[in-house]
Amino acid sequence: MNAKGYSIALMFCASFAEAQGFAGLGTDAEGFAMPDAGYEFEFPTDHGPHPAYRIEWWYLTANLDGADGQTYGMQWTLFRSALAPTEGDGWSSPQIWFGHAALTTKTAHFAAERFARGGIGQAGVTAEPFEAWIDDWRLSGPSLSDVSLRAGGEEFGYDLTLKTDAPFVPQGENGYSVKAASGQASHYYSQPFYEVSGTLALPDGQVEVTGQGWLDREWSSELLARSQEGWDWFSLHLGGGARLMGFVLRDDAAGDYTSATWIAPDGTPTPYPDGAFTAEPLRAAEVAGRDIPVRWRLKLPGQALDVEVTAVNEQAWNPLAFPYWEGPVTVTGSHAGRGYLEMTGYE
Amino acid sequence: MLLSVETLTKTYPAEGGRLTVLDGISMSLDAGRTLALTGESGSGKSTLLHLIGGLDVPDAGRVMVDGTDIAALDDKGRAALRRGTVGVVFQQFNLIPSLDVSANIAFQARLAGRHDPAWDARLARALGLEDQLGKYPEELSGGQQQRVAIGRTLAARPRLILADEPTGNLDEATGDRVLDLFLQLVAETGAALLTVTHSGRLAARMDAQLVLSQGRVA
Amino acid sequence: MIRAGLSALLSHWLRRPFQLVTLVTGLALATALWSGVQAINAEARASYDQAAETLGEARYPQIVPDGADFPQADYVGLRRAGWPVTPVIEGRLRAGGQSVRLIGIDPLTAPADIAPDTVEVETDLAGFITPPGLLYANPETAPALSGLGLRVVPAASVAPGTAIGDIGIVQGLLGQPGRLTRLILTGDAPGTPLQDIASGLTRRAQAESNDIARLTDSFHLNLTAFGLLSFAVGLFIVHGAIGLAFEQRRPVFRTLRALGLPLRTLIGLLSLELVILALVSGGIGMALGYLIAAALLPDVAATLRGLYGADVSGQLSLRPAWWAAGMVIALLGTAIAAAGAFWRVARLPLLASAQPRAWSRGSAAGRLAQGAAAAALGLVALGLALVGSGLVAGFVLLGVLLIAAALALPLVLHGVLVLAAGAARGALPQWFWADTRQQLPGLSLALMALLLALAANIGVGTMVQSFRATFTGWLDQRLAAELYVRASDPAEAERLLAYLDGRVDAVLPIVSVDAVVMGAPAEIFGVADHATYRDNWPLLSALPDVWDRVARGEAVLVNEQLARREALAPGDPLPLPGGDTRTIGGVYSDYGNPLAQVLIGLDAFRARYPDAPELNFGLRLPAPDAPALQRALTDEAGIAPDQITDQQSLKRFSLGIFERTFAVTGALNVLTLAVAGFAILTSLLTLSTMRQPQLAPVWALGLTRASLARLEILRALFLALVTFIAAIPVGLLLAYVLLAVINVEAFGWRLPMQVFPGDWLWLGALSMLAALLAALWPARRLARTPPAELLKVFANER
Ligand SMILES: Nc1ncnc2c1ncn2[C@@H]1O[C@H](COP(=O)(O)OP(=O)(O)OP(=O)(O)O)[C@@H](O)[C@H]1O
Ligand SMILES: [Mg+2]
């Protein structure tokens with residue numbers, strides 16, 4: 001589906017813009033629920049949607065090794081964006097859904113997107129048995145710890161199973177992830193321990209793959225502070241089984257805001273406050289007519305981490321209604337490993 | 001007295017007033033007599049002829065034809081006069097282009113109700129038109145057309161024949177031949193003839209001559 | 001040299017301003033009628049395109065149901081199977097006394113290019129998709145929607161008569177929650193077959209989807225044919241005026257050439273002169289054409305809406321392409337009209353008598369050539385009638401017939417005049433006939449124009465009258481129920497039926513669905529087993545016991561349009577949506593409906609389309625009781641007055657549509673006749689200035705000017721009369737072609753031809769009046785010519 005409405009792009013941006021700037025009471029001016037620092041996750045219920053919040057996503061990435069010896073990266077995301085904090089029946093539902101699917105090789109990057117209205121069954125998420133779908137894209141299984149995924153675009157597709165015994169990992173303070181000094185926050189948990197196997201469909205044919213997957217679950221009504229321009233988000237599988245989530249919310253006015261969580265191989269999280277984690281761009285490449293950092297130096301002194309993160313494919317650009325960079329990376333330095341990098345807000 | 005003209009005046013509108021073309025002309029002509037009207041070009045000969053023929057109306061003066069004052073006639077009366085009493089032979093022949101020669105010859109006679117096929121046939125023979133009867137005017141030579149015009153006038157047997165340079169468009173030899181014929185036939189019908197001409201030879205053959213100069217009798 | 005030459009040439013027009021007026025008027029009229037029609041067509045086409053644009057019908061394949069609509073679960077099913085489809089609901093809503101086409105779209109899945117621009121720029125998605133929602137409407141339509149309780153945004157990019165809203169909002173407005181009327185396929189279909197997911201849906205390619213444009217093609221072809229006819233009639237005038245102007249300037253041409261102007265330069269100068277004149281007249285014509293189009297457009301729009309359900313803007317907009325085309329047609333027309341004159345100039349001998357010859361006696365050879373051409377064209381027409389098919393062939397047949405008739409006219413007139421002259425006694429009658437014959441070549445172009453206009457008038461008039469007579473009778477048969485009631489929803493229908501129980505003789509449900517039958521859009525109706533139909537339904541042909549068979553569901557009835565298009569007859573099988581086949585039990589006439597129609601028994605219909613709502617009913621009761629019941633339905637049963645129609649109003653309404661359909665034709669007819677009248681006037685006037693050499697001798701030989709003038713009038717009347725009489729058979733032939741060929745091709749029905757001699761008398765009187773008026777002026781002028789003027793003919797100095 002290439003013919004996408006210009007209106008959609010505007011609307012998408014608008015909903016992100018609206019998601020900014022309402023500081024921390026229970027509800028904002030339009031009645032959307034606000035994240036609560038004392039909230040305890042409840043699974044599997046929280047795997048399902050939270051329509052009272054403005055935005056929410058099911059964000060899956062995986063670093064894969066092909067039977068052909070090549071490395072691959074895949075991304076599948078289902079976004080929920082609410083125009084009003086209610087769930088309505090039929091077309092009158094104010095819930096809007098978007099799906100992004102992408103597949104990255106060393107030399108190529110494919111991306112596709114879908115749009116759907118809530119309320120009519122074209123897209124949605126159920127917690128148990130777990131199913132998240134939009135059109136013919138579907139992530140489903142008996143539970144979110146045992147799911148299969150099918151999605152694709154005109155030139156690519158994937159059919160994967162993702163399994164894990166590991167627990168879901170709360171990010172930030174027990175799942176309350178602060179995004180700015182002024183208090184914007186979200187509810188955020190991850191599943192960084194998926195074992196992935198399955199098949200990729202590429203223009204040249206099918207490839208059997210295995211690898212590691214990472215799911216982020218996040219919902220909020222106020223993601224960014226007004227002056228924040230974008231983010232750089234790292235999710236890394238490190239040697240020895242540990243995981244690192246770290247992000248930088250770039251802000252020229254108020255100063256960048258960083259956050260990180262060190263996840264031990266057994267899933268125990270250690271959250272780090274603003275400033276503990278640093279990310280320094282080392283080299284930029286021209287991507288889609290703009291300069292985008294494709295090599296980074298990350299430091300987390302608390303874990304004696306000092307690594308360089310390099311894009312597997314510098315051109316991992318998602319040219320969608322809301323365009324951004326999202327692709328697999330390799331990690332070298334004090335720790336070795338691989339992972340995914342998402343970068344938004346580069347004009 | 002078949003024709004008498006008394007102090008006839010005719011003017012035409014012209015730049016800065018009126019142009020007097022005929023200025024108090026008086027003349028007369030008896031039945032069966034012939035009269036030549038001469039004068040320099042523009043002296044008013046044709047105008048006088050037209051007034052006598054009931055084709056136009058004078059500004060002042062009288063034209064009496066056979067006892068009727070033409071000036072007093074209305075359009076209809078003048079038409080009747082043209083039909084019945086007067087016959088005009090034009091310099092430009094003025095045949096009716098849509099009718100053939102025999103129909104042209106017979107036309108006025110039939111309008112006047114005096115059509116006599118035998119007389120027509122005689123005229124045609126005399127005028128040398130027997131072989132042209134089925135032709136249309138545009139198929140005839142100038143001399144032939146003039147003979148048809150003469151035939152048309154004579155066929156109607158008018159009491160007064162007016163001819164405006166009847167041979168002016170013809171070469172001299174043809175003109176003479178046609179004229180001889182014309183005069184001979186006029187004599188035969190006993191009509192009075194008033195003919196406008198530049199030719200002294202022709203004028204000499206008339207009973208009398210009248211010379212016009214600048215709208216007056218010289 | 002060129003300037004001197006040009007000024008010598010142009011001075012002619014100053015000396016003969018009337019000729020200039022004739023030329024300019026003729027060309028302006030020709031251009032005006034043609035471009036007026038074109039402006040109407042362009043406006044209508046633009047509206048269709050805009051309407052099609054609204055749903056991307058021209059660019060995207062569509063997925064349509066067999067019936068009227070389908071559940072949106074089918075849409076979700078298709079999406080979840082990977083089909084790139086976007087949902088559409090389309091329906092009509094009566095609002096503000098107007099029927100508005102409502103279109104609901106889903107802005108999330110709709111491709112950017114199907115919704116009008118304004119809709120995209122709007123970023124208030126929440127306001128658009130969540131109740132109460134908002135509608136984008138054509139500015140002409142927006143006011144009618146103001147009472148719906150939601151925001152209406154006027155948007156010029158929305159097609160006329162149309163409003164666009166969110167799919168959910170429009171479902172609510174149309175009272176069809178959860179239903180869709182079609183899907184637009186925006187990308188490549190996946191492997192899963194359509195039938196596996198949604199069995200009631202079929203895919204239609206984009207090209208065949210623009211039903212409106214296809215349906216209305218015939219209507220526009222009709223208009224175009226009329227425009228062309230008017231244009232041709234106008235060209236007769238132009239041809240006459242140019243020919244005369246060239247003839248009268250022969251001495252000038254000759255002198256210019258003798259003075260050393262090369263032929264090429266002369267022709268170049270003349271062309272330049274004509275181009276200037278063509279551009280000026282074309283400009284005037286375009287302005288006139290715009291006025292004509294603006295005056296006719298509302299009627300055309302009403303016709304198109306009534307007959308085809310096509311919404312056309314009543315507002316004329318100026319299109320550059322239209323201007324350009326109009327000027328080109330003016331130049332082209334001038335070129336055609338002047339070709340002969342140019343040819344003669346090119347062959348003009350340097351020394352020749354300067355006598356004007358164009359208006360002299362027509363040669364027998366020329367007449368013969370014309371007669372031969374007419375005969376040849378007649379043969380072509382015969383061939384076309386025998387082997388040709390299709391609408392275009394029909395119109396070519398019409399054109400060839402008309403040209404053949406026009407070419408034959410001088411021959412006929414000549415013959416009549418020869419006979420008359422032969423029978424004439426007396427010098428004057430003989431001269432009269434001979435002279436008339438001589439004038440014929442000068443008048444024959446104008447008379448041909450008159451013949452064309454009269455024949456077209458008789459032909460179209462006969463067709464319209466035949467249609468009216470047949471249509472009225474047909475309406476009487478077809479609209480048999482005394483009252484027609486429409487319920488707004490199933491609940492109201494139930495209440496209505498309960499109320500009617502025992503109060504009427506019969507309640508006849510009128511149910512229908514839109515479907516695709518034999519590859520084209522069609523309506524399927526369910527018909528109750530009732531005497532109303534058995535007694536009245538206008539069957540053209542049928543099997544025995546057809547109504548019993550239909551009631552049992554074995555046989556179906558089809559309308560004439562479908563039967564003709566697919567060459568179906570009673571006894572043939574008809575494949576129905578869903579894959580089964582029924583025998584055609586009969587064919588009925590169904591005038592005024594552009595669509596194919598199938599009638600099936602009510603029980604069979606209900607079994608086939610259980611979801612189709614039964615909201616419309618015909619009520620049978622003694623006619624005198626109808627007004628009381630109508631009142632009672634409103635007062636006691638709570639049915640809104642506008643939901644009840646009595647038979648008379650419905651007939652009036654139907655006849656109203658019919659009358660409007662032909663209002664435009666009628667107007668063009670009158671205009672064409674007026675142009676022909678003008679052609680005669682100008683011909684007579686130009687002739688009258690050249691008639692003096694022919695009339696002066698006759699006058700000199702004893703006729704009054706008044707009687708000559710009377711004869712001139714008599715001549716014009718006589719020629720008009722003969723032309724009129726000649727036009728009758730041509731017109732009848734035309735009517736036959738219109739009824740038996742054009743109508744069948746264009747509308748799919750054939751009407752019995754009926755002849756209305758009373759109308760001819762009118763037309764005859766009218767054409768005589770036109771000739772009288774046209775002759776009066778030159779005749780008056782002749783009667784008042786001063787003798788001195790006529791004498792100039794005899795003047796020696798001539
Ligand atoms: N209709 C008219 N309007 C104005 N002036 C006229 C008209 N007819 C004749 N004239 C003028 O009247 C005068 C006399 O003209 P007329 O034709 O009688 O002369 P004419 O003696 O016949 O000359 P010609 O021998 O050349 O034929 C001329 O000066 C002429 O210009
Ligand atoms: Mg003279």
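**Notebook: charges and strands in a predicted model**

I looked up A:Glu229 and found it partly exposed, with a relative accessible area of 36%. The scale I used calls a residue buried under 20% relative accessible area, exposed over 50% and partly exposed in between (1.4 Å probe, protein chains only). This is a predicted model, where local features need pLDDT of at least 70 and side-chain atom pairs count only at pLDDT 80 or more, while totals for chains, interfaces and linings use all residues. Residues are numbered from 1 along each chain as its sequence is written, chains are lettered from A and ligands numbered from 1 in the order in which they are written, and side-chain values use heavy atoms, with hydrogens and water left out.

**Strand β7 of chain B**

I checked how β7(B), residues 160-164, is covered: five of the five residues are buried, so the strand is largely enclosed by the rest of the structure. Strands here are DSSP runs of E with at least two residues, and helices are runs of H or I with at least four, numbered from the N terminus. B:Leu160, B:Leu162 and B:Asp164 point one way, B:Ile161 and B:Ala163 the other. In a regular strand the side chains alternate between the two faces of the sheet.

I then listed its neighbours, taking two strands as paired if DSSP finds at least two bridges between them. Strand β6 (residues 86-89) of chain B runs parallel to β7(B), with four bridges. Strand β8 (residues 192-196) of chain B is also parallel to β7(B), with five bridges. B:Ala163 is the bridge partner of B:Val89, and in β8(B) the partner of B:Ala163 is B:Thr195.

**Salt bridges**

I count a salt bridge when a side-chain nitrogen of Lys or Arg is within 4 Å of a carboxyl oxygen of Asp or Glu. The structure holds 43 of them over all chains.

I looked at A:Asp232 and A:Arg250, whose side chains meet at 2.9 Å, N to O. A:Asp232 lies in strand β14 of chain A and A:Arg250 in β15 (residues 243-250), so the pair ties together parts 18 residues apart in sequence. Both residues are buried.

B:Arg78 is buried at a relative accessible area of 10%, whereas B:Asp75 is partly exposed at 22%.

Last, I noted a network of salt bridges that links A:Arg114, A:Asp135, A:Asp136 and C:Arg79.
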